[in-house]
Amino acid sequence: MSAALVFDRVSKRYATARGAFDALHSVHFEVQPGEFFALLGPNGAGKTTLISILAGLARPSSGRVSVFGVDVQRDPMQARRWLGIVPQELVFDPFFTVREALRFQSGYFGIRRNDDWIDELLAGLGLSDKAETNMRQLSGGMKRRVMVAQALVHRPRVIVLDEPTAGVDVELRQTLWAFIARLNRAGSTVLLTTHYLEEAEALCSRVAMLRAGRLIALERTAELLKRASSNVLRFKTDQALPAEIAQRARATGRIWQVKVHDAVEVEQTLAALRQAGVVLEDIEVRKADLEDVFLELMAAQPATAEVHT
Ligand SMILES: Nc1ncnc2c1ncn2[C@@H]1O[C@H](COP(=O)(O)OP(=O)(O)OP(=O)(O)O)[C@@H](O)[C@H]1O
Ligand SMILES: [Mg+2]
């Protein structure tokens, strides 16, 4: 059986006012049928570019992309039937109601009498009471839910979500993930991009990381987490840390997180802080998570993308 998705040495060069810009450098990976797969990377890494090529909205400069063996360039209609893509940017027709938008989308795929499935989608995404509301009267988060429903009306084999939870409240995030996880258990393949790494950690069995258009990691989530064998010492303080500790710490406001390997290192770090007269609050030690691995990998790679003039 062929892979659900194949990105075969995909490169993308954009022409810009400053010269040619390489957004993707020979990116190569496969997603297997039934996988829940995360595509991660910082802003500008090339995630949306890769998804646009998959969607047939952009052409690769070289390489090819296929969906269950169907080349998205050669047979875009068939590829589109198998793909349900939720784009990062909200696009909608303000004059449609939610139900009309979903019926229209069904019609595009030649599906009639789709209301049972549409009702199921609306219920699963917490939109049942908005079915007859005009798109322009929905909140941002609700519009995003409709975009998800729209991508699923034709029961695609592969569901692609480009930051579906950006600007979405906690409750909907949970509803959305429960629904997508159910479709995944029923056999759908899922490719997800997100900046909420705890989502990727909780949901995805495998992770690809992009940085400046290059694939820098492709691994099972569990393996990636194992690689970051260290723990993290977390505390709050308003004071400056000694340079030696600040070096292996990161700060979010007054919260500091310091990488520590074992209990001895925890003790040494706390002793050094006490000696420096730093007063700590809310001390805790936790296992390194995907965010720690991500930051570590990002720090280890050069950030520069080449511009050719
Ligand atoms: N049409 C375009 N013309 C020129 N450059 C582009 C174009 N679209 C994207 N880029 C550039 O390609 C790079 C990758 O952009 P892309 O949108 O794929 O990133 P991303 O990983 O999706 O980021 P984010 O997390 O912010 O959504 C960026 O440097 C961006 O400026
Ligand atoms: Mg993007």
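This is a short chat about a predicted model and some of its local features.

Reader: Hi! What should I know about the model before we start?
Author: It is predicted, so local features need pLDDT of at least 70 and side-chain atom pairs count only at pLDDT 80 or more, while totals for chains, interfaces and linings use all residues. Residues are numbered from 1 along each chain as its sequence is written, and chains are lettered from A and ligands numbered from 1 in the order in which they are written.

Reader: Thanks. Which domains does the assignment give?
Author: Domain 1 covers 5-225 and domain 2 covers 230-287; the bounds come from an automatic or database domain assignment. Their centres, taken over C-alpha atoms, are separated by 39 Å.

Reader: On to ligand 1. How many residues surround it?
Author: There are 13, and the closest are Tyr14, Asn43, Lys47, Thr48 and Thr49. A residue is near a molecule if its C-beta atom, placed from the backbone, lies within 6 Å of it.

Reader: And which element gives the most to that shell?
Author: Helix 1, with 3 residues. Strand 1 (5-16), strand 2 (19-31) and helix 1 (47-54) each supply at least two. Helices (H or I, at least four residues) and strands (E, at least two) are DSSP runs, numbered from the N terminus.

Reader: Is helix 1 mostly covered or mostly open?
Author: Mostly covered: 7 of its 8 residues are buried, among them Lys47, Thr48 and Thr49. Buried means 20 or more other C-beta atoms within 10 Å of a residue's own, exposed means 12 or fewer, and partly exposed is in between, with C-beta atoms placed from the backbone.

Reader: Nice. What comes after helix 1?
Author: Gly56 follows helix 1, with a positive phi near 80°.

Reader: New topic: what is the strand order in the open sheet of 4 strands?
Author: The order is 12-13-11-14, with antiparallel pairing. Strand 12 (249-252) and strand 14 (281-287) are at the edges with a single partner strand each, so one side of each has no neighbour in the sheet. Two strands pair if DSSP finds at least two bridges between them.

Reader: How many bridges join strand 11 and strand 14?
Author: Strand 11 (residues 231-236) and strand 14 pair over 5 bridges in the antiparallel sense. Among the residues involved, Arg234 has Glu284 in strand 14 as its bridge partner.

Reader: Last one: why does Glu296 count as partly exposed?
Author: Because Glu296 has 14 C-beta neighbours inside 10 Å. Glu296 is in helix 11 (residues 290-300), and its C-alpha atom is 8.6 Å from that of Ala228, 68 residues apart along the chain.
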